[in-house]
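Colleague: I'd like to go through this model with you and ask what stands behind each label. Can we take it one piece at a time?

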Amino acid sequence: MSVDDAPHVDERVASAPTRWVLQPTVAFAIVAGTFLAALALLTHRPLFALVALPVFGTVALGARRRTLPEELRSGLALGLPDAGAGVSYRLRVDVPSSVEAVALSVVTADDRRHRVVVDRRSAERLAGTVPVTHSGPQEIARVHVSAMADGGLHVSPPTAGPTAGTVVPPPHLRLEDLPIPLRVLGITGAHDSTTPGEGGAFRDVALFTPGDRLRRIDWRRTARRAQHPGELYVRRTLATADALVVIVLDDRDDLAADVTEWSGTHRASGGSRSLDLGRECATSLATAYIGAGDRVGFRSLSGAARSVEPRGGTRQLDRLRSTIATAAARGDVTERVREPLVPTASLVVVASTFVDDAASTMAVSWAGRGHRVVAVDVLPRTDLSTANRQDRAAFQLVALEREERLATMRAAGVDVIRWDAPHAGGPAVALRLLSRPRRTR
């Protein structure tokens with residue numbers, strides 16, 4: 001902890017009455033003093049009584065302490081979250097005049113407990129930074145406060161202080177080459193459509209008709225092919241259009257690389273989890289497609305996160321980023337989920353672990369309706385180092401079922417890629433391969 005002058009937001013305040021109790025060492029002092037006094041009476045040696053006098057004096061000093069309750073007020077403010085640098089926090093404790101020191105216990109998001117004892121002045125201004133390894137909504141810090149007075153003879157039991165949480169935005173990759181739908185139906189954009197219009201690729205050469213622009217006249221073709229005076233030939237092009245992209249995030253579960261954590265009975269470890277990769281995938285694709293001038297929408301498979309209808313522009317990107325960042329594992333994989341609505345001629349990106357049939361069945365269904373579907377596998381590279389024989393057997397069954405679902409999707413025309421080791425450029429290379437022109441239906 002240190003002093004920090006950086007601006008902080010979202011301050012949480014908690015207050016509780018201070019109930020003073022004697023230190024446990026005082027009780028031991030009473031027992032020791034009584035033992036020494038009794039020993040002096042039994043042995044008729046006043047030396048033991050002289051040793052017991054300071055002990056009883058200390059007990060008397062603590063016993064005359066007034067026990068009226070005093071309020072202990074504490075506040076916790078968080079800085080702006082940053083997935084790379086962590087989340088800064090500022091802690092202040094307003095202590096009564098009778099308090100000499102404050103003991104603080106701070107449990108941070110990295111599951112570490114920090115215990116410090118500070119004086120009155122330092123307790124009014126403490127700061128630090130909590131490293132975060134996951135994105136999304138999470139608790140950043142939880143504080144417990146205890147006061148000390150009379151040189152430590154009196155303490156207050158630890159009281160719950162403020163608890164602060166925030167939404168950590170996921171990082172995003174820079175993607176340049178992206179797949180597009182089988183058909184683009186927008187009015188204008190950066191992609192060539194199959195509709196005659198302006199701004200696109202060359203279509204054919206035809207006779208001049210009313211409404212054609214003069215700059216479209218192909219004078220060389222006219223000189224070679226004109227049969228009658230006044231006959232002109234013009235070059236016709238295809239219109240440009242924007243792509244319609246719908247990102248579907250399977251937020252019903254959040255799986256770690258360690259398979260022993262999948263049952264929820266083991267303590268969570270560090271490292272990227274499936275929803276961390278899923279939020280990163282969705283944010284990266286939304287940023288890239290919006291930057292290319294396309295329309296992007298968002299759907300949550302569990303229905304817990306709000307849906308975002310497909311639109312374009314900077315405000316739409318901000319809306320998508322904030323919605324994707326709040327996606328958390330609130331669903332139940334055992335419940336049946338409703339298939340999200342997808343507009344016609346969309347590119348559907350499904351980010352899921354595919355450990356059950358829901359996401360894969362929807363992907364096959366969308367592909368059968370004429371959509372281009374890209375299935376993104378966001379399951380981290382599994383770690384079996386701490387798994388026992390039963391865990392390994394269960395994982396092998398899950399892995400076989402997963403591979404069967406992935407093979408079924410590929411057979412149905414769904415493009416399957418992995419969002420693994422994103423900082424090594426793996427997803428960017430896979431998306432570049434999918435961006436090659438495909439035959440339209």
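Colleague: Which residues is Val 376 in contact with, leaving aside its neighbours in sequence?

Modeller: Skipping everything within four places in sequence, Val 376 is in contact with Cys 281, Val 349, Val 350, Ala 351, Ser 352, Phe 354, Ile 417 and Trp 419. "Contact" here means heavy atoms within 4.5 Å. Bear in mind that this is a predicted model, so local features need pLDDT of at least 70 and side-chain atom pairs count only at pLDDT 80 or more, while totals for chains, interfaces and linings use all residues. Residues are numbered from 1 along each chain as its sequence is written, and side-chain values use heavy atoms, with hydrogens and water left out.

Colleague: What makes something a nonpolar core?

Modeller: The label goes to a set of buried Ala, Val, Leu, Ile, Met, Phe, Trp, Tyr and Cys residues joined through side-chain atoms within 4.5 Å. "Buried" is under 20% relative accessible area, "exposed" is over 50%, and "partly exposed" is in between, using a 1.4 Å probe and protein chains only. The largest such core has 35 residues, and Leu 285, Val 376 and Trp 419 touch the most other members. Two or more residues each come from β13 (244-249), α5 (274-291), β14 (295-300), α6 (314-325), β16 (347-352), β17 (372-377) and α9 (426-434). Helix α5 gives the largest share, nine residues. There's another core apart from this one, with 24 residues, including Val 93 and Val 145.

Colleague: How do you know where a helix or strand begins and ends?

Modeller: Those are DSSP runs, numbered from the N terminus: H or I over at least four residues for helices, E over at least two for strands.

Colleague: And how do you know whether the length of α5 fits a helix?

Modeller: The expected span is 1.5 Å times one less than the number of residues. For the 18 residues of α5 that gives 26 Å, and its end C-alpha atoms are 26 Å apart, so the two agree. Helix α8 (residues 389-411) passes too, because its 23 residues should span 33 Å and its ends are 33 Å apart.

Colleague: What makes α5 "largely enclosed"?

Modeller: Of its 18 residues, 17 are buried, so the rest of the structure largely encloses α5. Just after the helix, Gly 293 takes a positive phi of about 90°.

Colleague: Why is Arg 279 with Asp 276 called a salt bridge?

Modeller: The rule asks for a side-chain nitrogen of Lys or Arg within 4 Å of a carboxyl oxygen of Asp or Glu. This pair comes in at 3.0 Å, N to O. The two are three residues apart in α5, so about one helical turn separates them. Both are buried, Arg 279 at 3% and Asp 276 at 7%. The structure holds 15 salt bridges.

Colleague: Which aromatic rings pair up, and why is the pair called edge-to-face?

Modeller: Rings of Phe, Tyr and Trp (its six-membered ring) pair if their centres lie within 6.5 Å; planes under 30 degrees apart are stacked, over 60 edge-to-face, and the rest tilted. A search of the whole structure finds one pair. Trp 262 and Phe 395 have ring centres 5.9 Å apart and planes at 65°, so they're edge-to-face. Trp 262 lies in the loop between β13 and α5 and Phe 395 in α8, so the pair ties together parts 133 residues apart in sequence.

Colleague: Buried or exposed, what do you call each of those two?

Modeller: Trp 262, at 23%, is partly exposed, whereas Phe 395, at 16%, counts as buried. Other buried residues of α8 include Arg 402 and Leu 406. The helix's buried residues pack against α7 (357-368), β17 and β18 (415-418).

Colleague: Which side chains make polar contacts with Asp 377?

Modeller: Arg 402, at 3.0 Å, and Arg 418, at 2.9 Å. A polar contact is a pair of N or O atoms within 3.5 Å; within protein, one must be able to donate a hydrogen and the other to accept it, and residues adjacent in sequence count only if both atoms are side-chain atoms. Asp 377 lies in β17 and, at 2%, counts as buried.
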